[in-house]
Amino acid sequence: MTPETNADHLRVLTFNLNNPSPERAERQLAWLAARPEHVLVLTETAPSRGCDLLAARFSAAGYEVSFPKPQDRERGAMIVSRLPFAGPPPCEVGYLPCRAVSVTVKTASDTVDVTGLYVPSRDATPAKTERKRRFLAACRDSIPTGADQAAARIVLGDLNILEPDHRPRYRFFKAFEYEFYDWLTQAGYHDAFRLRHPDADAYSWVGRTGDGYRYDHIFVSDPLTRTVVECSYLHEPRAARLTDHSAMTVRLELPVTNALVVSDPSDPPPAEALF
């Protein structure tokens, strides 16, 4: 069976895979297949059997899949869609390009650009700090404006940044990390979660000491702000140990009537496919 969908509203989800084993990828696939979202942005991909399984099974089921495979020991992102892709990628990031996957999807009357990001994490070492700084700078150079009233755009994923007034405040975050959040807002994008929950404390990743971090984000361009009906975190996959992050979903009041006919990707493949 295929998941029920809302034929009237576009739904988009971001979900950190945490580079799953094949066994965990099967469980993630079952959860994702039951979700109603039309577009899935899957982050922390890798050149691994688990991520290859997800891409292959979604593709075989009839979904559109964009998965630029990361190089060895690198990480990236994947976009899976039940809406047709339209045209070339609207955004290309020159540094660590597999961490920035961009597609245009067709809705009932127009198109929406979707850019999925998996921003590098870092520790206190200069090399990893500079790597993250350089990637964020490349995103700023490449992501198109959100202020264009003729273009509908969404930027989402595991951004590994916090909003400047995040509660609690963590002193080890650097100014350039907070500045990327500010840059998105200055570039015409709006935090979809804050549009619906301006004062809520919500966390998508929790450390071993119980400290919470809102690392996963969905930003919509200026023309889409009035269409945001719902935006929330889904804590079930983290509680069920499918991954170490909560997922995040948004529903936009945009008509969707042209979804692809897909089968259930979580159904076991035919026996002949195993040989």
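The legends below describe close-up views of salt bridges and of a cavity in a predicted model. Residues are numbered from 1 along each chain as its sequence is written, and side-chain values use heavy atoms, with hydrogens and water left out. Because this is a predicted model, local features need pLDDT of at least 70 and side-chain atom pairs count only at pLDDT 80 or more, whereas totals for chains, interfaces and linings use all residues.

**View 1. The salt bridge between E74 and R99.** The structure holds 15 salt bridges, a salt bridge being a side-chain nitrogen of Lys or Arg within 4 Å of a carboxyl oxygen of Asp or Glu. In the pair of E74 and R99, the closest N and O atoms are 2.9 Å apart. E74 lies in the loop between strand 3 (64–66) and strand 4 (76–81), and R99 in the loop between strand 4 and strand 5 (100–106), so the pair ties together parts that are 25 residues apart in sequence; helices (H or I, at least four residues) and strands (E, at least two) are DSSP runs, numbered from the N terminus. E74 is buried at a relative accessible area of 14%, and R99 is buried at 4%, where buried means under 20% relative accessible area, exposed over 50% and partly exposed in between (1.4 Å probe, protein chains only).

**View 2. The salt bridge between R153 and D113.** The closest N and O atoms of this pair are 3.2 Å apart. Since R153 belongs to strand 7 (residues 153–158) and D113 to strand 6 (residues 111–118), the pair ties together parts that are 40 residues apart in sequence. R153 is buried, with 13% relative accessibility, and D113 is likewise buried, with a relative accessible area of 14%.

**View 3. E163, R194 and their salt-bridge network.** The side chains of E163 and R194 meet at 2.9 Å, N to O. E163 is buried, with a relative accessible area of 4%, and R194 is buried, with 18%. Through shared partners, salt bridges join E163, D191, R194 and R214 into one network.

**View 4. The largest cavity.** A cavity is a set of points, on a 1 Å grid over the protein atoms alone, where a 1.4 Å probe fits but cannot get out, and lining residues have an atom within 4 Å of a point. The largest cavity holds about 60 Å³ of space, and eleven residues line it, of which L32, E37, L40, Y63 and R82 are the closest to its centre.

Technical notes: 1 Å grid on protein atoms, 1.4 Å probe; cavity = no way out; pocket = protein on both sides within 12 Å on 5 of 7 lines; lining within 4 Å. Points joined across faces, edges and corners; volume = space filled by probe spheres on them.
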